[in-house]
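Let's take a friendly walk through the charged and nonpolar features of this model. Have a look at the sequence and the structure first.

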Amino acid sequence: MTDYHTVYKGPEGETTQWEDIQRRLGNLPPKAPVWKPDAYTPQAEEVRDRAWVDSREADELSDLEDECADDRFLEEYRLKRIAELQAAARRPRF
C-alpha cells in the first residue's frame, strides 16, 4: 500500500511552541545544540622567492616549468579567443 502520510520538516534546530512548552515543563529532553561548521580560514600560500627556487632539485624545477608553460599557453589562447570574439562583435550583423 502507498503511504499517504506527509511529514513536514522545518529548518534544523527550529522547534514548535508545543515542543518549547514541553521542554520547559521537563516532559521532553533538552534540545541538542545545532551543529555549525567552523569558520573558513584560508591557508597561507607558500612564498616562492629566490631562496625557494635555489632549494629545489632540477627535476622539481622542470616539473614546475612545464606547469608554467601550460599556463602561458592557456593565457595566450584565451587572449587570442577574446580578440576573435571582439572582432566578430564589431562586424555588422545585417
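Which residues form a negative surface patch? The patch is made up of Glu57, Asp59, Glu60 and Asp63.

## Ground rules

This is a predicted model, in which local features need pLDDT of at least 70 and side-chain atom pairs count only at pLDDT 80 or more, while totals for chains, interfaces and linings use all residues. Residues are numbered from 1 along each chain as its sequence is written, and side-chain values use heavy atoms, with hydrogens and water left out.

## Confidence

The protein chain has an average pLDDT (the predictor's confidence in each residue, from 0 to 100) of 81, and 91% of the residues score at least 70. Helices here are DSSP runs of H or I with at least four residues, numbered from the N terminus.

## Surface patches

Patches collect residues with over 30% relative accessible area and no salt bridge, joining like charges within 9 Å and nonpolar side chains (Val, Leu, Ile, Met, Phe, Trp, Tyr) within 5 Å. Accessible areas come from the Shrake-Rupley method with a 1.4 Å probe, and for residues only the protein chains shown count as cover. Asp and Glu count as negative, Lys and Arg as positive, and His and the chain ends are not counted. The place of a charge is CG for Asp, CD for Glu, NZ for Lys and CZ for Arg.

With 46% relative accessibility, Asp63 counts as partly exposed, a class between buried (under 20%) and exposed (over 50%). Phe73, Leu74 and Tyr77 make a nonpolar surface patch of about 350 Å². Tyr77 is also placed in helix α3, and its relative accessible area of 48% makes it partly exposed.

## Salt bridges

How many salt bridges does a search of the whole structure find? The search finds 2, each defined as a side-chain nitrogen of Lys or Arg within 4 Å of a carboxyl oxygen of Asp or Glu.

Glu75 pairs with Arg78, their closest N and O atoms being 3.1 Å apart. These residues lie 3 residues apart in helix α3, so about one helical turn separates them. Arg81 forms a salt bridge with Glu84, with the closest N and O atoms 3.2 Å apart. Arg81 and Glu84 are likewise 3 residues apart in helix α3, separated by about one helical turn.

Methods:
Buried means under 20% relative accessible area, exposed over 50%, partly exposed in between (1.4 Å probe, protein chains only). Helices (H or I, at least four residues) and strands (E, at least two) are DSSP runs, numbered from the N terminus.
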